[in-house]
Amino acid sequence: MSNIQLTEDEIANNRREFLHIVDSKIKRDGISKFVDEWLDGTSDFFKAPASTKYHGNYKGGLCEHSLNVYHRFEKNYENEKKELKEKFNVELNDESRAIISLFHDICKANYYKLDLRNYKNEETGKWEKKEYYAIDEKFPFGHGEKSVFLLNQYIHLDYMEAICINWHMGGFDRRVLGGDNSLSLAFEKYPLAVLFHISDMEATYFDEKVNK
Ligand SMILES: [Fe+2]
Ligand SMILES: [Fe+2]
């Protein structure tokens with residue numbers, strides 16, 4: 001059983017970097033209220049894990065993941081922007097890219113709780129109690145769609161931003177698994193949503209670790 005943790009310093013540094021990007025890139029009406037009142041206020045965003053048993057399943061994992069996605073998306077956009085412009089006539093400004101990347105998984109804030117479970121210590125052979133994250137959903141509104149809804153309580157999203165956040169899970173989205181075929185139409189009409197989904201996957205599987 002691995003024990004990957006972020007130090008309190010790393011968690012604080014990630015929070016600082018996250019808020020610096022918000023401050024420098026996002027000027028939209030309502031952003032200050034959103035951050036002060038909700039993100040850095042009543043929500044546990046900066047301390048939350050990114051999952052219970054997958055990547056980033058440790059304190060601060062959610063903010064770390066959001067930053068990883070931000071950096072991946074910036075790099076991918078830089079690499080692909082010429083083709084996106086020439087082929088599809090689409091562009092995405094700094095502010096939109098920051099909003100999509102940093103806030104795509106806010107549905108996971110106030111979503112996990114710490115619990116205890118028994119596990120066998122391989123060295124001593126004894127059973128011990130260990131903390132783990134469990135799901136404690138208080139607002140069951142889905143995943144990407146929940147992030148869109150929460151953000152829209154404070155800031156106005158345009159169509160591109162809403163689509164990229166809504167469909168960021170791609171084929172892993174539960175609606176798709178349940179038979180909804182609107183994802184392929186969304187990806188056809190909004191190629192940036194494809195690039196964002198890939199960025200989310202890269203951050204998760206290339207950049208992040210998991211406690212097993
Ligand atoms: Fe997600
Ligand atoms: Fe994500």
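In this predicted model, Trp38 touches Ser43 and Tyr154, leaving aside residues up to four places away in sequence. Trp38 belongs to helix α2, which covers residues 31–42. The C-alpha atom of Trp38 is separated by 9.6 Å from that of Leu150, a residue 112 positions away along the chain. Trp38 has 18 C-beta neighbours inside 10 Å and therefore counts as partly exposed, because burial requires 20 or more.

Helix α6 (residues 159–166) packs against helix α9 (residues 191–207) at an angle of about 40 degrees, and their axes are 9 Å apart. The crossing of α6 and α9 is right-handed. On the α6 side, Met160, Ile163 and Cys164 take part in the contact, and they meet Leu192, Ala193 and Phe196 of α9. The residues of this contact comprise six nonpolar, no polar and no charged.

For the protein chain as a whole, the secondary structure amounts to nine helices and two strands, in the order α-α-α-α-β-β-α-α-α-α-α from the N terminus. The radius of gyration is close to the value of the globule rule for 212 residues, so the chain is as compact as a globular protein of that length. Further values for the chain are tabulated below.

| Property of the protein chain | Value |
|---|---|
| Radius of gyration | 18 Å |
| Span of the C-alpha trace along its principal axes | about 60 × 40 × 30 Å |
| Residues that count as buried, of 212 residues | 34% |

Conventions:
Residues numbered from 1 in each chain as written. Chains lettered and ligands numbered in written order. Predicted model: local features only at pLDDT ≥ 70, side-chain atom pairs only at ≥ 80, totals over all residues. Helix = DSSP H or I, 4+ residues; strand = E, 2+ residues; numbered from the N terminus. Buried ≥ 20, exposed ≤ 12 C-beta atoms within 10 Å, placed from the backbone. Contact = placed C-beta atoms within 7 Å. Axes fitted to C-alpha atoms, helices over the stretch in contact; angles between N-to-C directions. Left-handed = near helix turned anticlockwise from the far one by under 90°. Nonpolar A, V, L, I, M, F, W, Y, C, P; charged D, E, K, R; others polar. Rg over C-alpha atoms; globule rule 2.2 N^0.38 Å.
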